[in-house]
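Visitor: I have a model on screen and some questions about its packing. Could you take me through it?

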Amino acid sequence: MDFYNSYMFYGGVAMALAEGSNGLDNPAFDMDEQNNDQLKTKTDKSCKVHRTTDMDKNKPAYCVTDVPPWYLCIFLAVQHYLTAFSGIISIPLILSEGLCLQHDSLTQSLLINNIFFVSGICTVMQVIFGVRLPILQGGTFALVTPAMAVLSTPQWKCPAWTQNATLVNTSSPVFIEEWQTRMRVLQGSIMVASVLQILVGFSGFIGFLMRFIGPLTIAPTVSLLGLSLYTSAGDKAGSHWGISAMTTALIILFSQYLRLNPLPVPAYSKTKKLHTSKFYVFQIMPILLGLAISWLVCHLLTVFDVLPSDPAHYGYLARTDVKGDVVSEASWFRLPYPGQWGTPTVNLAAVVGLLAGIICSMAESVGDYHACARLAGAPPPPKHAISRGIGIEGIGCLLAGAFGTGNGTTSFSENVAALGITKVGSRAVILLSGLFMILLGMLGKIGAIFTTIPTPVTGGMFLIMFGVIAAAGISNLQFTDMNSSRNIFVFGFSVFSALAIPDWITRNPEFLETGVKEVDQVLRVLLTTHMFVGGSLGFFLDNTIPGTKQERGLQAWDKAPLEDSLSSEEVYDLPFGITSCLQNQSWVGYIPFCPWKRPTCTLSPGELPQSRGNKCSTRF
């Protein structure tokens with residue numbers, strides 16, 4: 001799930017589904033009367049099965065299988081890209097510290113291009129062959145924390161000279177080998193860890209696994225994703241607290257205070273001719289606007305030489321010319337390919353640590369699937385679709401490792417919430433967005449532009465993002481009975497221990513010396529990964545301390561409406577007629593990720609269905 005990956009699902013989407021309005025019932029545009037008529041006609045034809053009343057405020061204008069007009073498809077696809085871009089570009093910027101790339105902006109831009117390119121490929125695969133819901137795929141913060149834990153171990157910690165910009169020659173073979181060695185370790189370890197997700201997905205084991213993972217496991221795991229990154233956010237924001245505070249204030253202003261205030265924009269229709277329409281720009285892209293304005297301010301302060309030009313002075317990193325000529329040096333076009341940083345290697349400690357992040361990502365994605373189905377006017381996803389979705393995400397992580405992003409892929413929950421804003425749940429829009437991401441991932445200068453964002457501007461954005469991630473994790477507790485002393489103990493002990501234990505291990509590394517180097521590395525990575533410690537304790541205590549399903553919050557999670565078999569065929573079946581070719585094959589029923597309907601039979605008058613066993617039942 002990453003930047004505030006679970007925020008929009010558990011915070012925005014869950015609140016929208018529970019309360020039915022607030023900000024999510026406002027479309028991005030106030031469409032003209034002709035478009036409203038078109039939307040109404042299309043909705044009545046395709047979405048009527050899923051509405052309870054005409055006053056249902058969460059009803060989509062376009063359902064999963066509908067295709068909006070081409071101009072609306074393009075706008076919404078670009079909007080989904082812009083919604084996800086802040087979270088996606090944040091991951092390479094954070095990993096660059098552990099990879100010794102703080103002063104190599106050109107390579108940072110290549111990593112940004114890589115992650116966009118792979119995210120686009122995974123989005124296309126997920127929409128066509130995966131869960132088949134309109135869910136955009138992107139990088140995952142669940143793998144950032146264990147990756148940084150691996151890179152902070154004595155074996156992989158960056159040499160002191162790489163921290164000094166005056167000593168770094170980005171074209172030097174020595175420097176290139178320093179960061180590529182670390183990248184290859186991440187690549188190989190992510191690829192090995194992704195095999196677990198592929199097996200858990202395509203084997204159907206995900207359904208069994210989810211029985212034991214509840215809010216008291218997810219809450220400490222997700223909240224610690226944000227809390228554990230406070231050092232990175234503080235260091236970047238501290239490079240110029242004035243600029244960071246301005247960025248944070250702007251994002252808060254746009255996303256919280258002005259989100260329901262539209263701006264008038266010119267529009268044209270056959271009925272109204274030239275007129276103005278309302279555009280909810282602050283609701284759609286508050287982070288993008290905050291970054292852009294702060295970026296512009298930093299540029300003006302640089303041009304007028306207000307900011308110090310001496311690297312040794314405080315505030316120098318707020319200048320926009322720190323990264324040099326990275327944009328001019330970047331190529332216009334480049335095609336990412338597997339193994340571009342060399343042959344991936346595998347580290348046991350890294351694999352074990354990344355497995356913890358993979359498990360967390362899978363649990364969050366299942367929640368995203370159900371939320372997306374509700375907002376897109378689709379029935380709850382059946383087990384075969386969930387299995388395919390998780391399996392495709394595993395393949396996405398495998399590709400991300402092979403292409404050298406330093407990360408994996410997962411469902412982006414903030415884009416799920418965007419469905420509630422636009423009321424357009426068409427998977428054709430997400431498919432087009434994936435194609436845009438592939439295209440932009442091949443434009444080298446696009447990634448280079450993103451790397452020129454001043455450090456304190458990035459820090460101000462991180463203060464918002466990581467804080468919301470932490471709050472999103474805690475919001476899972478709304479499903480549990482927090483008047484229960486049992487639940488208070490489980491959550492409190494898990495979180496506090498996950499902060500105390502990694503901190504102590506980091507300050508006392510000599511304690512973990514068993515005499516076996518590989519074992520020491522595994523223990524050090526696991527015990528310094530906050531989300532692993534907190535998630536493991538939460539999982540163990542929640543499943544061993546006596547408590548009812550209602551008390552633990554499992555009952556609230558299980559309150560999903562029954563599958564609508566009349567439309568689940570259309571939504572979740574495999575494309576290109578594959579399901580039709582396989583549905584009469586009995587062996588298909590034994591493949592967990594394949595949709596299959598038992599053959600029906602004709603009963604004689606007075607004959608009971610039970611007399612022919614299961615052959616007379618229709619089931620997916």
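Visitor: Leaving aside neighbours within four places in sequence, which residues is threonine 123 in contact with?

Guide: First, the ground rules: this is a predicted model, where local features need pLDDT of at least 70, side-chain atom pairs count only at pLDDT 80 or more, and totals for chains, interfaces and linings use all residues. Residues are numbered from 1 along each chain as its sequence is written, and side-chain values use heavy atoms, with hydrogens and water left out. Contact means heavy atoms within 4.5 Å. By that test, the partners of threonine 123 are Ile135, Leu136, Gln137, Ile430, Gly434 and Met437.

Visitor: Is threonine 123 buried or exposed?

Guide: Threonine 123 sits in helix H4, residues 105-128. Helices (H or I, at least four residues) and strands (E, at least two) are DSSP runs, numbered from the N terminus. Buried means under 20% relative accessible area, exposed over 50%, and partly exposed in between (1.4 Å probe, protein chains only). At a relative accessible area of 0%, threonine 123 is buried.

Visitor: Which residue has its backbone nitrogen 3.0 Å from a polar atom of the threonine 123 side chain?

Guide: Take the side chain of threonine 123 and look for a backbone nitrogen at 3.0 Å. The residue that supplies this nitrogen is glutamine 137.

Visitor: How are H4 and H17 oriented to each other?

Guide: Two packed helices are described by the angle between their axes and the distance between the axes. Axes are lines fitted to C-alpha atoms, for helices over the stretch in contact, and angles run from 0 to 180 degrees between N-to-C directions. H4 and H17 (residues 427-441) pack at about 155°, with axes 7 Å apart. Angles under 35 degrees count as roughly parallel, over 145 as roughly antiparallel, 65 to 115 as roughly perpendicular and the rest as oblique, so H4 and H17 are roughly antiparallel.

Visitor: How do the residues of the H4 contact with H17 divide by class?

Guide: The H4 side includes Phe116, Gly120 and Thr123, and the H17 side includes Ile430, Gly434 and Met437. Ala, Val, Leu, Ile, Met, Phe, Trp, Tyr, Cys and Pro count as nonpolar, Asp, Glu, Lys and Arg as charged, and the others, Gly among them, as polar. The contact of H4 with H17 has 12 nonpolar, six polar and one charged.

Visitor: What is the orientation of H14 and H15?

Guide: H14 covers residues 348-375 and H15 covers residues 383-403. Their axes come within 10 Å and cross at roughly 135°. H14 and H15 are therefore oblique.

Visitor: Which residues in H15 meet H14?

Guide: From H14 come Ile358, Ser361, Met362, Ser365, Val366, Tyr369 and His370. Their partners in H15 are Ile386, Gly389, Ile390, Glu393 and Cys397.

Visitor: Is phenylalanine 576 buried or exposed?

Guide: Phenylalanine 576 is in the loop between helix H25 (565-572) and helix H26 (578-582). Beyond its neighbours within four places in sequence, phenylalanine 576 is in contact with Ile128 and Phe129. Its relative accessible area is 68%, so phenylalanine 576 is exposed.

Visitor: What separates the C-alpha atoms of methionine 246 and glycine 460?

Guide: Methionine 246 belongs to helix H10, residues 241-257. Methionine 246 is partly exposed, at 24% relative accessible area. Glycine 460 is 214 residues away along the chain, and the C-alpha separation is 7.7 Å.

How values were computed
A polar contact is a pair of N or O atoms within 3.5 Å; within protein, one must be able to donate a hydrogen and the other to accept it, and residues adjacent in sequence count only if both atoms are side-chain atoms.
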